[in-house]
Amino acid sequence: MKTLYIALLSGVLAIASAAVNAQEPTRVRGTIAAIDGDVLSVKSSSGNDAAIHLSDKTVIVFTQPIALADIKPGDFLAVTSAKRGDGTLTALDVRRFPKPVNPGHRPFDGRDDQTMTNATVSAMVQSASGRELTLTYEGGAQKIVVPEQTAISALVPGQRSRLVPGAPVNLTAASGDGGKLTAIRIQVSPPTNR
């Protein structure tokens, strides 16, 4: 009887674990290779292709290019930066968000030489090293140099018409029956020049 109870308990735990894992969203970053109806073919940064299904519930946001001058103290930004040997941060990508999302400063993609800072702009200055932002978050602040060539954008509501081949995407998807990935949220940028 005890063995049967343990076997049943193990089975219930395995099913519960599988259900939880099935609920975890998958993150895909890459470029749209093709679109066929409600299915995007995305070439991921690792070089793999992923078929991503769209639904009526898929949220699409577009990274609308803006000028650094459009950013004001009090705006909330997500800044991907390269970390130099001396600890200086140089912005690779600056995005203005409509509201705070996951504030803080951390390694980006598990790399020691890149960081992600999600924080509020407290100052903007022109320094000897160029344009510089000071971003603050609970428990800290970061000064980040913003070169002229840095991509700067604001997240705005997007439409399916923005989902075109060559457009970079950063998306989260839910895994369904048979491993089918359905997009929950897609952040799409203007197509890159080829």
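The legends below describe close-up views of a predicted model.

Residue numbers start from 1 along each chain as its sequence is written, and side-chain values rest on heavy atoms, without hydrogens or water. Because the model is predicted, local features require pLDDT of at least 70 and side-chain atom pairs pLDDT 80 or more, whereas totals for chains, interfaces and linings use all residues.

**Figure 1. Overall content of the protein.** In sequence order the pattern is α-β-β-β-β-β-β-β-β-β-β-β-β-β. The protein has 194 residues, of which 38% count as buried, that is, under 20% relative accessible area with a 1.4 Å probe and protein chains only, with exposed meaning over 50% and partly exposed in between. Among contacts (heavy atoms within 4.5 Å) with a separation of 6 or more, 57% come from residues 24 or more positions apart.

Figure 2. Strand S10 (residues 140-146) runs parallel to strand S6 (residues 89-97), to which two bridges join it; pairing requires at least two DSSP bridges between the strands. In this pair Leu-89 faces Ile-144 of S10. Strand S9 (residues 130-137) is antiparallel to S10 and linked to it by seven bridges, with Arg-131 opposite Val-146. S9 and S10 form a hairpin with two residues between them, and Gly-139 in the turn has a positive phi of about 90°.

**Figure 3. The largest nonpolar core.** A nonpolar core is a set of buried Ala, Val, Leu, Ile, Met, Phe, Trp, Tyr and Cys residues joined through side-chain atoms within 4.5 Å. The largest has 18 residues, and those with the most contacts inside it are Leu-40, Ile-52, Leu-163, Leu-171, Ile-186 and Val-188. Two or more residues each are given to this core by S1 (26-36), S2 (39-44), S3 (49-53), S4 (59-65), S12 (168-175) and S13 (181-188). S13 gives the most, with four residues. Leaving aside neighbours within four places in sequence, Leu-163 is in contact with Ile-32, Ile-35, Leu-40, Leu-54, Ile-60, Ile-186 and Val-188. Another core, of 17 residues, lies apart from the largest one and includes Ile-71, Leu-89, Val-94 and Ile-152.

**Figure 4. The largest pocket.** Its volume is about 1000 Å³, taken as the space filled by probe spheres set on grid points joined across faces, edges and corners. A pocket is an open set of points on a 1 Å grid over the protein atoms alone, where a 1.4 Å probe fits, with protein on both sides within 12 Å along at least five of seven lines; lining residues have an atom within 4 Å of a point. Of the 34 lining residues, Arg-95, Phe-97, Met-116, Asn-170 and Gln-187 are the closest to the centre. Elements that give two or more residues to the lining include S5 (76-83), S7 (104-108), S8 (111-127) and S11 (151-157). S12 supplies the largest share, five residues. By class the lining holds 16 nonpolar, ten polar and eight charged residues.

**Figure 5. The loop between S6 and S7.** Pro-98 is found in this loop and is exposed, with a relative accessible area of 70%. Pro-98 and Ala-154 are 56 residues apart in sequence but 8.0 Å apart in space, C-alpha to C-alpha. Asn-102 lies in the loop between S6 and S7 as well. Most residues other than glycine have a negative phi. Asn-102, although not a glycine, has a positive phi of about 50°.

Conventions:
Ala, Val, Leu, Ile, Met, Phe, Trp, Tyr, Cys and Pro count as nonpolar, Asp, Glu, Lys and Arg as charged, and the others, Gly among them, as polar.
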